[in-house]
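Here are some notes to read with the model open beside you.

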Amino acid sequence: MSSRSISLPHKKSFAPFVSPETTHVIVVALAAIAVISPMLFWGVPSALDLSNHFRFALPFYDAVRSGHLYPGWLAESNNGFGDASFRFYPPALYYLLAAARALSGNWYAATVATFGALSMIGALGVYLWAREFTSSQTAMWAGIFYAVAPYHVNQLFQAVMLAEFAGATILPFAFLFVERVCRYRRAKDIAGLAAAYALLVLTHLPLAVIGSLALMFYALLRIDRNAIWKTLSALAISVGLGLAASACYWTTMVFELSWIRGDNVNPEPGLDYGHNFVLSTFSSDFPSVWWMNILLLSIAAMSWPAFILIRRTAREGCDSQSRRASVVKGIPALALLLSFTLFMATPLSRPIWNLFHPLQETQFPWRWFAVTSIASSLLLTLSVPAWMRLAKTKKRPLALLAIGTIAMSLTFSIRHIIRDARWLTPAQFEQTLANIPGSEGIYQWLPIWTHDPLPQMNALVEAKTFFYPHWTATAAGRQLPIHPDQSGAMIVMLPKEPTAVSLEFREPKRVRYAAGLTFIGWMFIGGLLIKPGPRLQE
C-alpha cells in the first residue's frame, strides 16, 4: 500500500538585521560614548586650559557666523587690545565646536556632542587599524582599550587638553593609512593618509610633530623591501598633499612666528621640555611630571600582557592563514613603536630632543603617551587570543593576573581620572564662558612689540589694539603711519585737520595663495579617493 508523500515548506530564515562586523563597530562606538557620558550628568571637566580654549572658540564662532570664514585677529582678548592667536593655533577643533554650537544652540551641548563624537571616531580609528591584522571581533577590543586608555582619558578629564584630545582622534587614521600604503600603495590609501595628515596639522601642531616622527618610524618598519622606492614615493606624495591641504594654516604660522613672543620673552621654566621628561623626578614639587609617572604605572599595568606573550602572539595570534605574514611582521613593528614612544618620553632620549628644535617646541615629552596609548591598545588586542588559549592551560593564574592588572588600570581611570576631575555644572560652565570675553590671553600669543606692564582699558592711545604689521590706517584715501608705543599698543599718526580714520586688518597676498594651495590639495585628495585602481597583493 502506497501513500502520497507530503512535502512541507521550509521555514524561512531571516538574516540578522546587522552583520557581526557592524555589531562590533556599534559596540566600539557605544563604549567610547560611555566614557564621555559623565559629562551628561556632572557637567564639563575644568582646568586652566578650558578658559584658554574657549577664549579662542567664542570669538571664532562669532567671526565665522558673521562671514569671516578664517578670522585673522582675536580682537576682544586682553581688555580689547586683542592678540594674534588665530594666526598660530590650528583651527580644526574650533570649526567643529562652532558647527556643534550652531546646531545645538548652546555651548554646553556643543561641547558634550563634540567630544562624544571625537571619542567615538578615535576608537573607531584604532578598530580599523587593528582590523588590518585580525578579525572584527578581536579588533573591537582595540577600540575599547583605546577609549579607556589612561593617558587618552586624562587628556580630556584632568588636563582638559581639548585640541590634543582631538588630534589623538585623527592620529589612529594616519597609522591606518601608513599601514595600507606600505602594503598596497593604492591611490585611495595615499589620499587617506594625506587627508589624515592634513587634519592632524590643522588640529594640534605639537601632536603633528610627534606624530610625524612616530609615523616615519612605523613606516620604516612596515615598508615593503621589495618595492621600497615605490612605497617611499607613495608616502612622500601623501605627506606633500597633506601639507598642501593644510597650507592655509601653517604658511602664516611659519612666516609670522617671529612676530609673537612665544617663549622668547620671559620663558616659563615649566614649559621647558628639559623639565618634563617622565621619570626625571619623583617629587610632588613638579606636579606635571609626578602625575605622568603615575599614569605611566597605569599604562604599564594595562600594557605588560601585550609584551610578555609577544612571540607567541606573533606565532599564533592570526585568525587566518591569509593574515599570518602581516601579523608575524606587524606585531614586532608595533612592539618597537610602543618601545620607541616610551623611550622618547624619558630622559634617555634627551640627546634626540637636543638636536631637533621642532621637537623641543612641543614642550612636554610625555605627549608621546598619545602614541603610546594607540600602540599599546592595538598590541594588547592582538595578544588576546594567545591569552585566551593560555587561560585554558596550567598557566591560568598568569592569565588571571593579567586580567587583574588591566582591571586595576581601568579602575584607576574611572576613579582618579574621571570621577576626581574638577567638574563644572552647565550653569557654572556658562558663567565661566560669560567671564572670558576681554580677559587676558595667553602670554605667548602677544605680539613681540608688547612690553610689561600691558596697557589697561583706560590707557590713552589713538587705537585700542596691539600693533601688528597687517594693520592699515587710512584717511581721505591716503595711508597713515602706524607704530607701537612702549607697551605695544598701536599709535596712529593722525593728520592735523579733522578726518575720519579707517582701521583695517589686511591679510597679505600669500594668505590667498595658501588658501588656493589648500583648495588644490583637497581637490587632489578627492580625486585620488574616487580614482579606480587595482588592489595590489601583499
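1. A term to settle before anything else: buried means under 20% relative accessible area, exposed means over 50%, and partly exposed is in between, using a 1.4 Å probe and protein chains only. By that rule Tyr 468 is buried, with a relative accessible area of 0%.

2. Some housekeeping. This is a predicted model, where local features need pLDDT of at least 70 and side-chain atom pairs count only at pLDDT 80 or more, while totals for chains, interfaces and linings use all residues. Residues are numbered from 1 along each chain as its sequence is written, and side-chain values use heavy atoms, with hydrogens and water left out.

3. Now the rings. Phe, Tyr and Trp rings (for Trp, the six-membered one) pair if their centres lie within 6.5 Å; planes under 30 degrees apart are stacked, over 60 edge-to-face, and the rest tilted. The whole structure has 37 such pairs. One of them joins Trp 259 and Tyr 468 edge-to-face, at 5.5 Å centre to centre and 80° between the planes. Trp 259 sits in the loop between H12 and helix H13 (287–308), and Tyr 468 in the loop between helix H20 (426–434) and strand S3 (471–475), so this pair ties together parts 209 residues apart in sequence. Helices here are DSSP runs (H or I, at least four residues), as are strands (E, at least two), numbered from the N terminus.

4. Tyr 468 has another partner: with Trp 449 it makes an edge-to-face pair, 6.2 Å centre to centre and 90° between the planes. Both residues lie in the loop between H20 and S3, so here the parts tied together are 19 residues apart in sequence. Trp 449 is partly exposed, with a relative accessible area of 23%, and Trp 259 is partly exposed at 23%. Ring pairs link Trp 73, Trp 259, Trp 449, Phe 467, Tyr 468, Trp 471 and Phe 505 into a cluster.

5. Next, the inside. A nonpolar core is a set of buried Ala, Val, Leu, Ile, Met, Phe, Trp, Tyr and Cys residues joined through side-chain atoms within 4.5 Å. The largest one has 152 residues, and those with the most contacts inside it are Phe 54, Trp 107, Trp 129, Phe 157 and Trp 368. Helix H8 (residues 162–183) gives the most to this core, with 15 residues.

6. Which helix has eight of its eight residues buried? That is H7 (residues 150–157), and Phe 157 is one of those residues. Leaving out residues up to four places away in sequence, Phe 157 touches Val 35, Ile 36, Met 39, Pro 45, Ile 417, Ile 418, Ala 421 and Trp 423. Contact means heavy atoms within 4.5 Å.

7. Apart from neighbours within four places in sequence, Thr 252 is in contact with Arg 87, Arg 510 and Val 511.
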